[in-house]
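Here's a quick tour of the model on your screen. Have the sequence to hand and follow along.

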Amino acid sequence: METQEQKSLFQKYKQQLSKEFFEIENNDALTPDEKVNKMIGTTSLICAAVAIQPLPFADIFILTPIQAFMGHKIAKIRGIDLKESGAVNVLKYLGGVVGGGFAAQQTAIGLYKIGLPGLGGIMSIPLVAGLTFGMGKVMDLYFREKAKGKEPTKEELIRAFKSGKSEGKKMNKDDVRNKMEQMNG
């Protein structure tokens, strides 16, 4: 049986997620750059929180749809009409462009969980946050240039990925906890 407090907490989470994630493109209080940065940051924290799950190599099946959703939203904010299924293809394409770093990190996350059950999930937080942040920055660059009728070079995409990955790797379990506390009000 659901209590009034549980219903209230659920409504608070739902409103927060709508404002910062599900309907961020409709938030008129933010500029497009602020919306994209908030989308990338929130998605990185969500993926980092999901990475705590203990199953090795399951992350890619859980994280990819979340990252594809981020790509769908970034495209929408940048004025590109892209279906969610199209976002998966763009994510795969861009993952291929930025290359081995994406695959190597997924492997490292899986190996952490095999070698360090339980602790491996916690230790993978900066890796997953960095990877997601980097992919978010790559997708943003890609869609910004597409909106102008251009396509970024491979070097520009790799530079955006490395810069974003470095920024995202600064996230840790305290950031995940703080975000959850922020949502709890």
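## A loop lysine

Lys 169 counts as partly exposed, with a relative accessibility of 39% (buried is under 20% relative accessible area, exposed is over 50%, and partly exposed is in between, using a 1.4 Å probe and protein chains only). This lysine sits in the loop between H8 and helix H9 (173-184). Helices here are DSSP runs of H or I with at least four residues, strands are runs of E with at least two, and the numbering starts at the N terminus.

What does Lys 169 touch, leaving aside its neighbours within four places in sequence? Its contacts are Pro 126, Leu 127 and Gly 130, where contact means heavy atoms within 4.5 Å. Lys 169 is also 35 residues along the chain from Gly 134, with 9.2 Å between their C-alpha atoms.

## What kind of model this is

Keep in mind that this is a predicted model, so to speak of a local feature takes pLDDT of at least 70 and side-chain atom pairs count only at pLDDT 80 or more, while totals for chains, interfaces and linings use all residues. Residues are numbered from 1 along each chain as its sequence is written, and side-chain values use heavy atoms, with hydrogens and water left out.

## The overall picture

The protein chain has 9 helices and 0 strands, so read from the N terminus the order of elements is α-α-α-α-α-α-α-α-α. Of its 185 residues, 44% count as buried. Among contacts in the chain with a separation of 6 or more, 72% are between residues 24 or more positions apart.

## H7 up close

Helix H7 covers residues 125-147. Is H7 mostly covered or mostly exposed? Mostly covered: 18 of its 23 residues are buried. Its length checks out too, because 23 residues at 1.5 Å a residue should span 33 Å, and the end C-alpha atoms are 32 Å apart (the expected span is 1.5 Å times one less than the number of residues). Just after H7, Gly 149 takes a positive phi of about 80 degrees.

## H7 against H8

Two packed helices are described by the angle between their axes and the distance between the axes. For H7 and helix H8 (residues 154-168), those values are about 145 degrees and 7 Å. The axes are lines fitted to C-alpha atoms, for helices over the stretch in contact, and angles run from 0 to 180 degrees between N-to-C directions.

On the H7 side, the residues involved include Phe 133, Gly 134, Lys 137 and Leu 141, and they meet H8 residues including Leu 157, Ala 160, Phe 161 and Glu 167. By class, the contact of H7 with H8 has 11 nonpolar, 4 polar and 4 charged residues (Ala, Val, Leu, Ile, Met, Phe, Trp, Tyr, Cys and Pro are nonpolar, Asp, Glu, Lys and Arg are charged, and the others, Gly among them, are polar).

Glu 167, in helix H8, is partly exposed at 40% relative accessibility. Not counting residues up to four places away in sequence, Glu 167 touches Phe 133 and Lys 137. Glu 167 and Pro 126 are 41 residues apart along the chain, and their C-alpha atoms are separated by 9.9 Å.

## H2 and its partners

H2 also packs with H7, at an angle of about 150 degrees and with the axes 8 Å apart. That makes the two roughly antiparallel (over 145 degrees; under 35 is roughly parallel, 65 to 115 roughly perpendicular, and the rest oblique). The crossing of H2 and H7 is right-handed. In H2, Ile 40, Gly 41 and Ser 44 are among the residues that meet H7, where the contacts include Ala 129, Phe 133 and Gly 136. This contact divides into 8 nonpolar, 6 polar and 2 charged residues.

Then there's helix H1 (residues 4-22), whose axis comes within 9 Å of that of helix H2 (residues 32-50), crossing at roughly 120 degrees. H1 and H2 are therefore oblique to each other. Leu 17, Glu 20 and Phe 21 of H1 make the contact with Lys 38, Met 39, Thr 42, Thr 43 and Ile 46 of H2. By class, that gives 4 nonpolar, 2 polar and 2 charged residues.

Methods
Left-handed = near helix turned anticlockwise from the far one by under 90°.
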